[in-house]
Structure formats: structure tokens, C-alpha cells
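Hello,

Here is the structure I promised to pass on. Have a look at it, and then read on for my notes.

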Amino acid sequence: MKLRMVLALAIVVALGLVAASSAFAVWGDSTYLAASGNPHVGYLTTSNKCGVCHAVHGAKLGGEKLLQSTAADACSYCHITSGLYTTVYGGDVNLYNGADNKGHSSLGITDYDASVGCADCHTVHGGGTVTIAGSNRNLRTFSANNSFAQVRTGYAAAGYQVVGATLADMSQWCSGCHPYRNTGLNGLTHVMRSATTTYSVGGVQMQVAWSTSAACSSCHSSATYSGPYGANWPAAALQGVAFPHYTDGVRFLNSATADNGSGSAAATVASQDGVCLKCHRDGVGTNGVGYNF
Amino acid sequence: MRTGKVTCYMRTTKHIALIVALGAAFALMLAGAVPAFATYGNTTYLDWDVVKLLPGNAGATSPHGGYVVGTSKCGVCHSVHGAAAAGEALLQDDKANACSFCHISPGVSTLIVYGGSTNNYSLTDTNTAHNTTSLALGQDGVTCGDCHQVHAASEQMTANGLLSDKILSGPKTDYNGLGDPLYDPRAGAPLGTDGYEDALSKWCTKCHFNAAYGYYSTSYNDETHVMRAPSGGYLAANGTNLGDIAYQSSAQCGDCHSRGYLTGTWPHYTPGAARFLESAGNASLAATAAATSEQDGVCLRCHKDGVGNGVGGHY
């Protein structure tokens, strides 16, 4: 009799514990909700999103703001290493924390580039996002005093930096940090326009480019990462875009593969001339830089 | 016994060595990752002295020409995102002055012209240099790009490889599609088989020729000085054979316009030498820079032999 009561009590307690634990997942000594739907937008009194990233009383030691890690690395578990959600950086956190020239990196390189973390581009709570036609990726809007912007004296003042909440295209958004959106031929940075046949060379009107440079991605066109991927690289439906996280091309650049300007492959060196020849030669070997101008 | 302390010391030393090795490896990796861009103020151009050592540039002697997928040359002159404010076409300066940074002042190249001073390239004095300032005076000024093909574009250079070695620009043919001469018809276009000096003299006529007046002639009685070696049998008007009337060749433009000829100063800027001319009392004396193009020493340098023969001597 007593034994049955003890057993029954134990079962009741166990069931109660199970009910009380709800959907909390225990990661070692920390406790975070498993995500159901997008936890980055749409917070309501009845939604269960905050706890996906923030653990009020079970946060991970060493983390910041009740997150599982520092703020800079807080996105890594879900979006890089776990393979459970939209995954970028090839599912390899070393690519996010690395120091090479192929991605926006949290470490940065010893050039004038600053380091870039996920939250520098994305708003984690969905507030202060920019509206770009066809894009819904919680991209951050930038102000004129954007502290993340590369410091290049005169560029923003020259009007190359486009800021605001509603933008026509991604190239405008890129200029929030990279103030290079220029449509003039003799500016501080490469012109962004369609190829023309009437560029003046020594007084002669001629064609000097055979591809458009109208968008940032016209030149920074490397769009794939060919691996090796991390251990939990997900199925196709969860694979996020490689660009502009981490791609095969140095600085997301593609280079011509043939000296006449034809072909396209990931650039291996930021300075290689194939990046220029891809547009400034005709792909045939007749016209272009070093041929007829 | 000291075994524990020794073991601890050795482990610490190994750790330090490992950290140092990792740090060195990391530094090397970063060095490989940095693309050799040199920052000049707020601009960013490739440093040729650095990138010439890249594998893709193996064998390259300059950033002019020879562009292939793997070379790193375009960025030496053109900066995609860090161009100079005063520049054109992403250059450090406007096109007329874009060569100055490397080849005049500060002169980072091994080939320096105009005495290393941009004032000599843009002075008002046009008599001792091919330079630009006369553009402002309404005359025919000359920029680097008027003579040199900066990209070594094969279609924009002559058929003579020796001229192309100095990236001298010029048509390959004698006439354009409308029948207009591109060189003095008495010279013709530099040929692939011409020696350097012959090709150079023909090339000069790309500019130094107009419909009314030419400067190239192999005849005694054209409107311009004959270009030939001394003959030894010049006939005077009365039929007398005067023998030599000149004691140095005039076969090349540079035989008279000789100051600094075949060096880097010619025909860029020759201080004190009007129109690159030299002067001497006779052919046996060392020539000096001609202060003016009109002075007789320019003529006596060839037309007197120094032992009594020549103009005012035997004729």
C-alpha cells in the first residue's frame, strides 16, 4: 500500500515537472526555448519568442544579455552551427570568426575594414528595418551618422552614401556602410552604370566596358560557397544565401577565367586584373584594355 | 627532488613556444590576406614595388600592358573605391598628369623624366621640353598620353616592336580610311623591320608634319633639312664637287636634336637645350646645349670639321 502511494506520488511529481518545463530545452546549465516560427519579429503578449534567445534565469555563463554567448556570436548557434534554421557561413563558425578576405567577418582584417557582426546588418528584433523592394531579411536601416560606416573622408559628403528607411535597391542599402554608390565617371569610386559605347578616349568615342556596373553585385558577384561545410549543414530548404556572408570569391569578387575577359570564377586575389578584364574586355579578344585602348 | 617544478617549467615553455608559433603563423596568414594596397592619404592604390613580387606578376617589368587574369596591375593606377578626388577615370590625377606620381614627382618608378619636377612638365617654357603648359597658351601642348600608350594596347602602337618596348603610340599604317596621311608620306609608318633610330625618326613625323610643311626628307632640296649620312660628293650649283660639306650624320631626327638623345631625358626635358639642340664650333669639339634654336653653333657642329674645312672654309 505504502509502496503504491510512493510510486503514485512520484509519477504525479514527474508529470508535474514535465508540464511545468513546457518547451524549455536545457543546454547544460542553460535553458532556452526551442524556436517555433521566426523569433525575430512579431512579439505579442501571447507569443513565445523572447525565450528562444534570452534565458531569464538560465542564461549561459560567459554570455551577454542573457544570450547563449556574446552578442556578436549570439546568432551562431541557430544560423551557423546547428543546422536547425536558415544557415549561412557554410555552417562553419570559423568562417564567421575568421580573418580572410572572403566574407563579412566578426574578426575583421588588418586593413581599413572594420569587423562586422550579424547585428551590424540585421536587426535581431525586427525594429528599425529598411524597406527594400522584394527584400525581407530584417536588414537594418542606417542613419547619416552611421557609426559602422567605413570612414572615408569626403565620400559621404560627396553624396555616395544613401541612407533612409525606404530604398530602391540593395546597392543603396550597401552604401550605408560602404559609401561607394557613384554614378559619375570621374568620382572617387568606380562608376555604377550600364556599359556605354561613347566613352571618350583621347577625343574618340568608344566602348570601354562590356558589362554593366550598375549594382554593387555587378562586380561583387560571387554568390556561392563551395565548402567544406560545417558538421550540421542543413538540407536545401534551410540553406541561406552565401552572399554577402561568405563566398568563394575574395571580397565577393568574380574574375574572368580567360585573358580575353570571358568566363567567370571566384577571384583568388583582391588585386587580380581578371576582375577588371571581366568587364573591360569584350570576351572575344578584339576590343578592350590593352587591345584598342 | 625537483621533478615537479622541472616538468611544470618545460610544459610552460612548450606552451609559450606554441603560442609564439601560432602567432607567427597567424601573422603570416594575415600578411597573405592583405592585398598589398598602399594608402596614400585617403586614397588606395597598389604599390607596384610590392605587387610586382606576386606570382601573377612574375616576369612583369611594369604595370603597363600584359594584362591577364592573374596579373595585379590595374590597381596600380586605378583605384576602384579609393580614387583621388582630383582624379579622372579612378586615377590619382587627371589624365594629363596621371603619370606624374610615378615618373616625375614623387617619382616612385625607376624611370624618371622631366628632371623629377612637375614644373618642367607644365612650365610656360616650351622650348626645352615637350610639355603641357602651352595648351593654356593656345598652342599645341603635349601630354604623356600623346606619345605613350599607357595600356600598351597593341592596336594603338606601331608595327615596330622596339618602339612598343617604350609603349610609344602610333598608327600602324601610312594613311587612314579617308586617305589622310598619318605620318609624313616621305617617311611612312615605322616598320617592324626598322632599326630603333630609323623607326623613331619616322615616328616623330606622327606629330611633326602637316599638310603644308614636313620635317622628314632624304633629298637635298626639299623644304626641310636632308636626313642622310655625309656623302663625300656634294655638287655645288656650278658643278664643282665639294666633297664633304657635313662631317656628322643627319640621318635621324636625333642627330641634330641630340641633347640627351637615346637617354631618358630625350625628348622629355633637356635643361638649357632649346628644342633638344646642341651647339659647337665644329665637329671635333664637344657639343653643349644650344641656348637658342637660331644660333649658328647648331649648324657649325656638323658643317665644320675643325681643321679648316666646311662652311666659311672651303665653301
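How much area is buried between chain A and chain B, and what percentage of that area do carbon and sulfur atoms give? About 2900 Å² is buried between the two chains, with 53% of it from carbon and sulfur atoms. Buried area here is the accessible area (1.4 Å probe) that two parts lose on being put together, summed over both.

Before the details, some conventions: this is a predicted model, in which local features need pLDDT of at least 70 and side-chain atom pairs count only at pLDDT 80 or more, while totals for chains, interfaces and linings use all residues. Residues are numbered from 1 along each chain as its sequence is written, chains are lettered from A and ligands numbered from 1 in the order in which they are written, and side-chain values use heavy atoms, with hydrogens and water left out.

**The interface.** Chain A brings 40 residues to the contact and chain B brings 37 residues, where contact means heavy atoms within 4.5 Å. Of the area that chain A buries against chain B, 18% comes from L188(A), S271(A) and D273(A), more than from any other three residues. There are 18 residue pairs in polar contact across the interface, both residues at pLDDT 80 or more. A polar contact is a pair of N or O atoms within 3.5 Å; within protein, one must be able to donate a hydrogen and the other to accept it, and residues adjacent in sequence count only if both atoms are side-chain atoms.

**H81(B).** The side chain of H81(B) makes a polar contact with the side chain of T189(A), at 2.6 Å. H81(B) is partly exposed, with a relative accessible area of 24%; buried means under 20%, exposed over 50%, and partly exposed in between (1.4 Å probe, protein chains only). From H81(B) to V69(B) is 12 residues in sequence and 20 Å in space, C-alpha to C-alpha.

**N160(B).** N160(B), in contrast, is buried, at a relative accessible area of 0%. A polar atom of its side chain lies 2.9 Å from the backbone oxygen of D194(B). Leaving aside neighbours within four places in sequence, the contacts of N160(B) include P190(B), L191(B), G192(B) and A199(B).

**Confidence.** The pLDDT, the predictor's confidence in each residue from 0 to 100, averages 83 in chain A, and 83% of the residues score at least 70. Please take care with residues 12-28 of chain A, where the pLDDT is below 50.

Best wishes
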